[in-house]
Amino acid sequence: MSETKNNNMSVYDILKERELIKQIAFEDEFKEMVSHEKTHVYLGIDPTADSIHIGHFIPLMMMSYFQKCGHTPIILIGGGTALIGDPSGKTDMRQMLSREDISRNVDNIIKQVSRFVSFEGENAAIIANNSDWILDLNYMDFIRTYGIHFNVNRMLAAECYKQRMEKGLTFFELNYMLMQSYDFLQLFEKHGCKVQIGGDDQWSNMLSGVELIRKIHRNGSFCVTCPLLLTAEGKKMGKTVNGALWLDAKKTSPYEFYQYWRNIQDSEVRDVLKMLTFLPMNEVNRLASLEGEKINEAKKIAAFEITKLIHGEEEALKAKKTSEDLFENLNNSDNMPTEKISKEELDLSILDFLVKIKIAPSKGQAKTLVEQGGISIDDNKITDIKYTISKELFNNSFIVVKKGKKTFIKVELN
């Protein structure tokens, strides 16, 4: 925060410097506005799971910078819109959740968001839930009042609906854009909120909210999207052996979380450091310029800083130590991702075993790993696809399974 004030940089300048901006509606107006006034800024999160994942990371970093520059964050929980489900980027309609599921998810998400924004102080973050105004809407009144501002032809041309159009977009889902726009209008009228932020895949939905406010109030409103976090191959970051990279330690352990960032490619270091850490840009540039073996030091710093932000310094230090012990001493299994197996399930083939502990998604891929020498158990390479996992292997009640050079799974015997 002190760095922001000392440099007299607006939030626009900071986000631009860290390349956190993909698109802005009315960019010149926005730049002028944030340079001379403080406003409320909102980020919407639909509670469709009991944890947020790495896809929410960059928008939450953006929100943190807004707050550090004196703006007031609004975290809008989509307790109402989650009953519909956002079709953006989806080829199938989302599963509908019960109100009980949504309420439980909301509680967990708020805890995770507090890692990024403060709920104390002069511009303390606000939690809002769109169920407060959506669930009791009179549909006919809503359509008569606001539906006239939406052109269906333009809506159907929006990127967020294209994939769903291939299989059949329901009118149920088509309402999502109207509801999200209405959210922005409500926050504008209740809190004077002028800015919505989110991932670039939300651009069409966000822009429709800006346009709705400007049509009704003839006043300034803006949306800012951030780039999606991509790997060097252009794929979304955040996929692990066990699926999505969650911010909940129960879903993705701090060690696995740390190890994910420790193993990024050299070409990804700069993007990760500038977007997902609060390190000053001169330090980001220095670390990203390292070459050869020295770039590993930058990866360790990135992994530690990101894990500390999400899980706290103590867990980050544990994950760092476990990683170093495993790769340098191969003698510490504490904090390692763990799977459990019962005695009754033993005497199964190595291929079935690898699928069971989620090292491989299928027996075919497990067979390839074994044949190519990519699997070790307690540092002993396994190359026989007929190898059997027996009770005798578990002398210490657990074994350590290694895939390649960087993936370790501790398997405990129940």
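This is a predicted model: local features need pLDDT of at least 70, side-chain atom pairs count only at pLDDT 80 or more; totals for chains, interfaces and linings use all residues.

Tutor: Let us begin with the words helix and strand: helices (H or I, at least four residues) and strands (E, at least two) are DSSP runs, numbered from the N terminus. Residues are numbered from 1 along each chain as its sequence is written, and side-chain values use heavy atoms, with hydrogens and water left out.

Student: Why is glutamate 19 called partly exposed?

Tutor: Buried means under 20% relative accessible area, exposed means over 50%, and partly exposed is what lies in between (1.4 Å probe, protein chains only). Glutamate 19 has 39% relative accessibility, so it counts as partly exposed. Arginine 218, by contrast, has a relative accessible area of 73% and is therefore exposed; its place is in the loop between helix H11 (203-217) and strand S6 (222-226).

Student: What makes the phi of glutamate 19 worth a remark?

Tutor: Most residues other than glycine have a negative phi. Glutamate 19 has a phi near 55 degrees, a positive value in a residue other than glycine, and arginine 218, also not a glycine, has a positive phi of about 50 degrees.

Student: Why is the pair of phenylalanine 142 and tyrosine 182 called edge-to-face?

Tutor: Rings of Phe, Tyr and Trp (its six-membered ring) pair if their centres lie within 6.5 Å, and planes under 30 degrees apart count as stacked, over 60 as edge-to-face and the rest as tilted. The structure holds eleven aromatic pairs. In the one formed by phenylalanine 142 and tyrosine 182, the rings are 5.2 Å apart, centre to centre, with 85 degrees between the planes, which makes the pair edge-to-face. Phenylalanine 142 lies in helix H7 (residues 139-146) and tyrosine 182 in helix H10 (residues 171-191), so the pair ties together parts that are 40 residues apart in sequence.

Student: How do you know that phenylalanine 142 is buried, and what of tyrosine 182?

Tutor: Phenylalanine 142 has a relative accessible area of 2% and is therefore buried, and tyrosine 182, at 8% relative accessibility, counts as buried too.

Student: What makes the charged end of lysine 410 sit over the ring of phenylalanine 398?

Tutor: A charge sits over a ring if NZ of Lys or CZ of Arg is within 6 Å of the ring centre and within 35 degrees of the ring normal. The charged end of lysine 410 is 4.6 Å from the centre of the ring of phenylalanine 398 and sits over it; likewise, that of arginine 214 sits over the ring of phenylalanine 222, 5.3 Å from its centre.

Student: Which residues beyond its sequence neighbours is isoleucine 375 in contact with, and why is it called buried?

Tutor: Contact means heavy atoms within 4.5 Å. Leaving aside neighbours within four places in sequence, isoleucine 375 is in contact with Leu354, Ile359, Leu369, Val370, Asn380, Lys381, Ile382, Val401, Lys402 and Lys403. Isoleucine 375 lies in strand S11 (residues 375-377), and its relative accessible area is 0%, so it is buried.
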